[in-house]
Every structure is written in structure tokens, then in C-alpha cells.
Amino acid sequence: MTPTTERAYRAPPSVPFASRLKKSLFASPLDCFITILCAVLFTTIIYAVVDWAFLSSIWSEEDEALCRESSGACWSVIDARHRIIFFGLFPYEEHWRSTLACIVMIITIAASCLPALWSATRLGLLWVSGFGIFYMLMHGGVFGMTVITPERWGGLALTIFIFAAVSLLGMPLSVVLALGRRSKLPVIAKLFGLFIDFFRSLPLLTILFTAAIITPFVLPGWLQGDKLYRVIVGFAIFFACYQAENIRAGMQAIPPGQDEAGLTLGLNYWQRVTRILLPQAFRNSLPSIVNQFVITFKETSIVTIVGFFEILASGSAAYGTGKWTVHYIEVYVFIGVIYFLFVFSLSRYGAYLENKLRVGHD
Amino acid sequence: MTDNSGAQTRAVSMTDVNKWFGDFHVLRHINLTIDDGEKVVVCGPSGSGKSTLIRCICKLEDHQEGIINVLGTELNEDVANIDEIRREVGMVFQQFNLFPHMTVLENCTLAQTLVRKKSRKEAEEIAMEFLHKVRIPEQSTKYPGELSGGQQQRVAIARSLCMNPKIMLFDEPTSALDPEMISEVLDVMVSLAEEGMTMICVTHEMGFARRVADRVIFMDEGEIVEQNDPHSFFDNPENERSKLFLSQILQH
């Protein structure tokens, strides 16, 4: 041991919290002024929001009459009309099916976030069964449930259905497109590139219109299916083209030595793709992959244009009649909160994944 | 398949092999035979084609002319042949190329279970045996990014050995390492050589070459310029280009 204490290891000098606060917020008179001004503004806004939403608000349907005198939010409209927002035109007495279907789908989405289930077979099984149960509950026709065709689906249930179906079709397709565009055969690579760039250059609206309205003239009857399915297929192709480019970006970042190592160990093409290429590509481009899911969840509202009552359109219907017409703000805030819950959990989950997958990486 | 009677003693034979990258003639008229159990060190200035030479042996690169025969099988476009050869030839890279998303143990068991169809338990036993051999069993649950360069390269060697290869190729295995980590990797390679493994090493570690190699091959501009036993090569190089190269790498 060296006798000179100066050279020994020690903790970095600590700065007390109060002086750090002073340095960053109250260093000069101007700083003090700005800090106080911001604090006052912030508190005023927060108070106004809390007062509107909670303190002065009216909650139950029966109290609707009180809304006219109150300065707060009139949540009576949600109490009275939430079923339309959640279920759209789905028959009233069958709402339990739609509720159950949504819960099943949310559980499926949540479960597929568990790393313990991350193998192709387990995820495949989970999604096929989750999606199958969802469809069976919504569509009916088995176990004595009446048939309810997709034109009458609506609200949150329809939004979740479209999002889940687009993801389910789009993800495998995006992997195929990304692999195709990286093919060593120039013809294949060019064709896939052309396909991706073609669909990326079209607005989503055009694709949905084409799927809903034009394809029935072109496709033979047995291939048309319901309008909803055509729209979902169109949406999934659009989604897959963007997601394919995200995944491809992740693949480009992998050093060629990874594939060579796989080759020299005797792994075949699919083994190298599924065990070496894809896991690393997904990790590399996780932020943009999650981003694409977030965008897609919100873009589902565009299907209103081709005549579907997803959650936003159902919201307009919810405040569209009689005494509720004045309370559109409350309805939109409510729908905003639902979107926020979904999208925020998606992004938080993405952040969690990034953290988890960073283990062992510089 | 060729018959096994005479071919068994030949690990690799290359006859008049030529290769181009675009217009660049990277391998010129290579004639080379390597016997079973022989240890060969390949050296030469950068860009001389030495890495390309060994990459052709495990078919990471295609050659355009000539015949390459590995373990009695000719390398051609026949996919089954190539897969068979790749399973028998291990390769260690300059940049280690461990799979970063798998633990050390998973790196070592992946190909065993997928290619050799071993059970997971058996594969793990074999992996641990080779991790012991490269003196790193305690790191088996870590990810490559948590290890030092020397440790990673030793794992990469163990990963190759798990496939029970008949030939090991080393492509500058110590060039990306910090100086204090070079010897731990060379020690592993020396003990491998002492066990009789057929080895072809591209390296500039002259101490290692003197100690282990049966033969040193000097390449320049895509040609094999000189080959000799290590002592003759280092002490009395015959060719002017070899002399120049040795004077450049040994002057400090």
C-alpha cells in the first residue's frame, strides 16, 4: 500500500442537491425570473386540468342536467354512451362477446411480450389461438352464438381487430420482403425492391380505397372476401413494406462475419436466418420497429373513410345524438386516453426490450 | 467421392488455383498440399492473398480456376459437398465473430444441436469440455460482449472445436487483440497443435511459427513465393521478397 492517501481510489466529489438546484435553476436574476414564471404557468395549467377533469366534473348519466351549471367536464356522456365507443354497432345483448374478445386479444398481445414465449412455435401457437378465439367470439356461428358479420363490428373492438390482423399478416410478410430485397440473386432483389418502393410511394388512403372499392371489379368473386378483409390485406402490405425497410436496416448493421461464422459451423440458410440474422436484426432496429407499430395503431382510424366504425368514428356517433352533442370534448378526451394507454404501453415496452437486449453489448 | 486409400493422408491439396476479385488477380497459380496432422503457418504482406487462400479452403470464397480438394472431396458447386466440407473444417476469425445475442455456452451448442443433431444435454457437456480446454469454463453463462478480446477468441476456438473438425483454419487470430492477451490465445493454439490437429494459420506471430509450424509459407502478390521449415525460413530466407518482409517485421 502506498502511504500517500492522495493517490488512493476514492469516490467522485459529491455536490449537495440544494447547490445543484441553485446552479441549474437560480444562478442569475434572469434564471430566477424564468424559473418562477414557468412554475406559476405550470401550476395554473395543471390546476385547471385537474379541476376540469376531476374536481368540478359530473360523473353519472342521471346527473346530466347538472352539467349546464358546472364548469367541469361532463363525464355523463361517457357513462351513457361508452358502449357505442367500445362496440360500435355490435348488437347490444352480445356486447359480452366483444368485451371478452378484446380481453383475449389484449392478453395475447401482452403475453407475446414475455421473452419466455419467444420461439417461432410458441408465438405462432399463441397468436393463432388468441386470434382464433377473438374471431370466434366476434363472428359467432359456433357454440350457439349468433353470427355477427364484420359490417356490424365497431368501436375499440374493431380497432384492436384491425391492428392485430395487420400486425399478424404484416410481420411475417415484412421479414420475407426484407430477406428478398437482400437476396444475392439480382433479379429477386430488384423485384422485391420494386414491390416495396411501389407500395411505399402510395398513400395509405389510396391503398385502402383500392382494396375496398376497386378490387371487387378486378378479383373473381371467390377471392374477394369481405370488404374488411380486403382492407386489412391492403393495410398489411403497406405496413409490411415499411417494416421490411426497418428490418433490413437492422440486417445491414450486422457484420458479414456473423454469417460467415454460421457458414463455417455448417448451418444452412434458414438456420442462419432464424438463429443469427433475424434476432440481431430485430434488436438492432427495435426502436423503428416499435415506432411502426405505434404509427399503425393510430393509423387504423383511417378506415373510417372506407366505411368502418372504428373507435374514432364510434366516438362521433356517441356524441352525435340529442342532448349529448355539446359534450364532444369529453368524448374525444376519453378516446385520447384509450389511444394513450395503448400507445404508451407499446413504447414503454419497446424501451424495456431495448434495455433487456442490451445485455452484453457495448 | 475419391477412394480413401491414398487420399487420407492429404488434408488439403490445391492444384493450379486462380482467383480474381473483379479484375484483381488475387490468387495466382497456387499449388499446395497439406498432410494430415501438419501445421502450416501462412505469412506475407497485407493484400498478398493469404486470407483469401484459407477462405477458399472452407468455401467462404469461390475460386475460378484449378482444383481444391479437402479431405478427399473436391470443392465445386455441389451444395451437399460444400456442407460436408464446412462441417469438417473449423475456422477462427480475426474479429472472433461470436454470436453476440447468445451466451458463451449457447454459442458452443448451437451448431452441435442444429447440424450434428445432438441432444441439448450432450451438446452442453461437449461445450463445457472444450471451454475447460480453452481455460474459460467459468464464463459459460456470460455474453460475448462481457468478455475481453482474448477470452472471446478462446471461446471462438472452443466453438469450432465442438464440431469436432478435422482441420482448423486460423485467419489472423491474434491481430485484433491487445498485446497482453495474445499469449493466452497462442497457448491454446499450441496445445491444440500438440494434440495433432491439422492447422493452417495465417499469422505474423513468428515465435508461434517457430515453435509449432512444420512449414512456413510466404505469400506475396497472390503467389506462394517461398515455403520451408520455420528455422530455415526465418534464419536463411532464400527469396528477396521474403528477406525484405522479414526485415520489415523483425526490425523493432
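Helix H3 (79-88) and strand S6 (89-92) of chain B each supply at least two residues of the lining of the largest cavity. The model is predicted. A search of the whole structure finds 1 cavity of 30 Å³ or more. Its volume is about 30 Å³. Rolling a probe the size of a water molecule over the atoms is what shows where empty space is left.

Which residues line the largest cavity? From chain A come Thr264(A) and Leu265(A). From chain B come Arg86(B), Arg87(B), Val89(B), Gly90(B), Ser160(B), Met163(B) and Pro165(B). By class, the lining holds 4 nonpolar, 3 polar and 2 charged residues.

Now turn to an open space. The second largest pocket takes up about 630 Å³. Its lining has 19 residues. Those nearest the centre are Arg182(A), Lys184(A), Asp259(A), Tyr269(A) and Arg272(A). In chain A, helix H10 (227-252), helix H11 (256-264) and helix H12 (269-284) each give at least two residues to this lining. The classes divide into 11 nonpolar, 3 polar and 5 charged.

Next, the strands of chain B. Start with strand S3 (residues 39-43). Is S3(B) buried or exposed? Of its 5 residues, 5 are buried, so the strand is largely enclosed by the rest of the structure. Buried here means under 20% relative accessible area. In a regular strand the side chains alternate between the two faces of the sheet. In S3(B), Lys39(B), Val41(B) and Cys43(B) point one way. Val40(B) and Val42(B) point the other way. Residues of both sets are buried, the charged-class Lys39(B) included.

S3(B) has two strand partners to follow. With strand S8 (residues 198-202) of chain B, S3(B) pairs in the parallel sense over 4 bridges. With strand S9 (residues 215-220) of chain B, S3(B) also runs parallel, again joined by 4 bridges. In S8(B), Val41(B) stands opposite Cys201(B). In S9(B), the bridge partner of Val41(B) is Val216(B).

Chain B also holds an open sheet of 4 strands, with antiparallel pairing. The order is S2-S1-S4-S5. Strand S2 (24-35) and strand S5 (73-74) are the edges, and each pairs on one side only. Strand S1 (residues 10-21) and strand S4 (residues 65-70) run antiparallel and are joined by 5 bridges. One bridge to look for links Ser13(B) with Asn69(B) in S4(B).

Back to chain A, for two helices. Helix H2 (residues 29-55) has 27 residues. From first C-alpha to last it reaches 36 Å, close to the 39 Å expected at 1.5 Å a residue. Which residues of H2(A) are buried? They are Thr35(A), Asp51(A) and Ala53(A). Helix H1 (17-25) of chain A is among the elements that cover them.

Helix H15 (residues 328-357) of chain A has 30 residues. The span from its first C-alpha to its last is 43 Å, close to the 44 Å expected at 1.5 Å a residue. Its buried residues are Glu330(A), Val331(A), Ile335(A), Ile338(A), Tyr339(A), Val343(A), Tyr349(A), Gly350(A) and Leu353(A). These buried residues of H15(A) pack against H2 of chain A. Their other partners in chain A are helix H3 (76-87), helix H6 (155-181), helix H13 (286-299), strand S1 (309-310) and helix H14 (311-318).

Technical notes: Residues are numbered from 1 along each chain as its sequence is written. Chains are lettered from A and ligands numbered from 1 in the order in which they are written. This is a predicted model: local features need pLDDT of at least 70, side-chain atom pairs count only at pLDDT 80 or more; totals for chains, interfaces and linings use all residues. Side-chain values use heavy atoms; hydrogens and water are left out. Buried means under 20% relative accessible area, exposed over 50%, partly exposed in between (1.4 Å probe, protein chains only). Two strands pair if DSSP finds at least two bridges between them. On a 1 Å grid over the protein atoms alone, a cavity is a set of points where a 1.4 Å probe fits but cannot get out, and a pocket is an open set with protein on both sides within 12 Å along at least five of seven lines; lining residues have an atom within 4 Å of a point. Grid points are joined across faces, edges and corners, and a volume is the space filled by probe spheres set on the points. The expected span of a helix is 1.5 Å times one less than its number of residues. Contact means heavy atoms within 4.5 Å.
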